[in-house]
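Visitor: I have a structure to look over and would like to talk it through with you. Could you walk me through it?

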Amino acid sequence: MTTLTIEIPNDNSSLLSELIKLTKNAGLNVRIDNDEDNLSESEFQSLKNAAEEAVLIKKGLLKGIPVSELWND
């Protein structure tokens, strides 16, 4: 598989539309990432910490919090 990244300014939606049509007609997959929706540094760090915690729980190295205790705040 080869991945091609093309950055298109938000104000050029007609070009984006044409590229999507051309790509889909060729049977290829289209994935659109919008930089405006990126996570902040603190949001990304929280997500990373949560993923690391989930791995530790899955490995049995950390005890998870029961669902019944999550809403006791």
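Visitor: What percentage of the accessible surface of the protein belongs to carbon and sulfur atoms?
Guide: Bear in mind that this is a predicted model. Its accessible surface comes to about 7,200 Å². The share of that surface belonging to carbon and sulfur atoms is 54%.

Visitor: What percentage of the 73 residues count as buried?
Guide: To count as buried, a residue must have under 20% relative accessible area. Of the 73 residues in this protein, the share that counts as buried is 0%.

Visitor: How confident is the predictor, and in which helix is confidence highest?
Guide: The average pLDDT of the protein is 80, and 90% of the residues score at least 70. Confidence is lowest in helix α3 (residues 67–70), with a mean of 80. It is highest, at 84, in α2.

Visitor: Is the protein a compact globule or more spread out, and what is its radius of gyration?
Guide: There are three helices and zero strands, in the order α-α-α from the N terminus. For 73 residues the globule rule gives 11 Å, and the protein is well over that, so it is more spread out than a compact globule. Along the principal axes, the C-alpha atoms fill a box of roughly 50 × 30 × 20 Å. The radius of gyration is 20 Å.

Visitor: Let's turn to the helices. How far apart are the end C-alpha atoms of helix α2?
Guide: Helix α2 covers residues 41–58, which is 18 residues. At 1.5 Å a residue, α2 should span 26 Å, and the model agrees with this. The end C-alpha atoms of α2 are 26 Å apart.

Visitor: And which residue with a positive phi follows α1?
Guide: Helix α1 has 13 residues and reaches 18 Å from its first C-alpha to its last, close to the 18 Å expected. After α2 comes Gly60, with a positive phi near 80°. After α1, the residue with a positive phi, near 80°, is Gly27.

Visitor: Is Glu18 buried, exposed or partly exposed?
Guide: The cut-offs here are under 20% for buried and over 50% for exposed. Lys21 has a relative accessible area of 47%, so Lys21 is partly exposed. Glu18 is at 47% relative accessibility, so Glu18 counts as partly exposed.

Visitor: How far apart are the C-alpha atoms of Lys24 and Ala51?
Guide: Lys24 lies in helix α1 and is exposed, with a relative accessible area of 55%. Along the chain, Lys24 and Ala51 are 27 residues apart. Their C-alpha atoms are separated by 33 Å.

Visitor: What is the distance in space between Asn29 and Val55?
Guide: Asn29 is in the loop between α1 and α2, and at 71% relative accessibility it counts as exposed. Asn29 and Val55 are 26 residues apart in sequence. In space, C-alpha to C-alpha, the distance is 30 Å.

Visitor: One last stop: how much accessible area does the nonpolar patch on the surface have?
Guide: The patch is formed by Leu56, Ile57, Leu61 and Leu62. Leu56 is found in helix α2 and is partly exposed, with a relative accessible area of 36%. Together the four residues have an accessible area of about 340 Å².

Notes
Residues numbered from 1 in each chain as written. Predicted model: local features only at pLDDT ≥ 70, side-chain atom pairs only at ≥ 80, totals over all residues. Heavy atoms only, no water. Buried < 20%, exposed > 50% of the residue type's maximum accessible area, 1.4 Å probe, protein only. Helix = DSSP H or I, 4+ residues; strand = E, 2+ residues; numbered from the N terminus. Expected span 1.5 Å × (residues − 1). Patch = residues over 30% accessible without salt bridge, like charges linked within 9 Å, V, L, I, M, F, W, Y side chains within 5 Å. Areas by Shrake-Rupley, 256 points an atom, 1.4 Å probe, with all protein chains shown as cover. Salt bridge = Lys/Arg side-chain N within 4 Å of Asp/Glu carboxyl O. Rg over C-alpha atoms; globule rule 2.2 N^0.38 Å. pLDDT = per-residue confidence, 0-100.
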